[in-house]
Amino acid sequence: MPVIEIVVAADPRLADFARGTDVLLKNGRGAHGLYIAESALVLERALQAGHRVRAVLTLRDTVDDAAALVGPDVTVFTGSTELLAKLTGYELHRGLIASMERPALPNPADLLAAARRVVILENVVDPTNVGAIFRSVAAIGADAVLVTPGSSDPFYRRAIRVSMGTVLQVPWTRVGEWPATRRLLTTSGFHVAALTPATDAVSLRDFAANAPERVALVVGTEGDGLTPDALAAADSLVRIPMRHGIDSLNVAAAAAVAMWALS
């Protein structure tokens, strides 16, 4: 295994790790850009998903962990905590990070073909919420996630970290605007259920009791919720009953509750 001790942060071989933003990584090297896998657990899940690792940056005490995961053909860079923090702009609290090539996203129709429960993220902009939803999807058992153009990228470092790497396990892809997405869902045999606090929406308990065979659960942006286009595209409006005058939950919590009810 090629292990290289870092001497200076300006080493050009470290460009993948050098204070790059998620946007720069996405639009940078590789056929589809790059993303950062943070921690041995996330790297392991990325490799299990078949993603290609370019290089690993690790603290000295986690070199052996990196070697066990990536094998002899991947370069591992290591150095002091201070130097690695200077290079990346943050401390490697989880021991290692890896630069990974983004895979091509699957065709939405192909993703839906074998699915029974899917979750659609409409304009969910906080990577923390995106990651939390993916973790719930993986744990509770939805089959896939569709992400609208206005949503945060599930491959952002924070989203991957919060998801505990499940973003790399759960099948997902991007979809377009609502008219085309609605046609796709209808053609694929899905009942579209929009999660909303609207008072005229059916209770989640009642909807789940007689849920259609294939359901696409739509959750909306933080604060404003679903757009009028999303609500208009829905076959059913579904709400989670609340107490104490509270009108809604955080989007990640609401998605988890609804998925569990529909599981």
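Helices (H or I, at least four residues) and strands (E, at least two) are DSSP runs, numbered from the N terminus.

Ground rules, quickly. What you have is a predicted model, where local features need pLDDT of at least 70, side-chain atom pairs count only at pLDDT 80 or more, and totals for chains, interfaces and linings use all residues. Residues are numbered from 1 along each chain as its sequence is written, and side-chain values use heavy atoms, with hydrogens and water left out.

Seven strands make an open sheet, ordered 8-7-6-11-9-12-10, with parallel pairing. At the edges sit strand 8 (172–174) and strand 10 (202–203), each pairing on one side only.

Let's zoom in on strand 9. Strand 9 runs parallel to strand 11, joined by four bridges, and also parallel to strand 12 (residues 236–239), with three bridges. Take Ala194: opposite it in strand 11 is Val218, and its bridge partner in strand 12 is Leu237. Leu195, meanwhile, has Val238 as its bridge partner in strand 12.

Is strand 9 buried or exposed? Five of its five residues are buried, and buried here means under 20% relative accessible area, with exposed over 50% and partly exposed in between (1.4 Å probe, protein chains only). Both faces are covered: His191, Ala193 and Leu195 on one side, Val192 and Ala194 on the other.

Now, what packs there? Helix 11 (residues 251–262) has buried residues that pack against strand 9 (191–195), and also against strand 6, helix 6, helix 9 and strand 11; contact means heavy atoms within 4.5 Å. Among those buried residues are Val251, Met259 and Leu262. At the N-terminal end, Asn250 caps helix 11, with a side-chain oxygen 2.8 Å from the backbone nitrogen of Ala252.

Last thing, the largest pocket. A pocket, on a 1 Å grid over the protein atoms alone, is an open set of points where a 1.4 Å probe fits, with protein on both sides within 12 Å along at least five of seven lines; lining residues have an atom within 4 Å of a point. The largest one holds about 420 Å³ of space, the volume being the space filled by probe spheres set on the points, which are joined across faces, edges and corners. Its lining has 23 residues, and Leu195, Pro197, Gly225, Ser248 and Leu249 lie nearest the centre. Strand 12 and helix 11 each supply at least two lining residues.

Technical notes. Expected span 1.5 Å × (residues − 1). Polar contact = N/O pair within 3.5 Å; in protein donor to acceptor, adjacent residues only side chain to side chain. Pairing = 2+ DSSP bridges.
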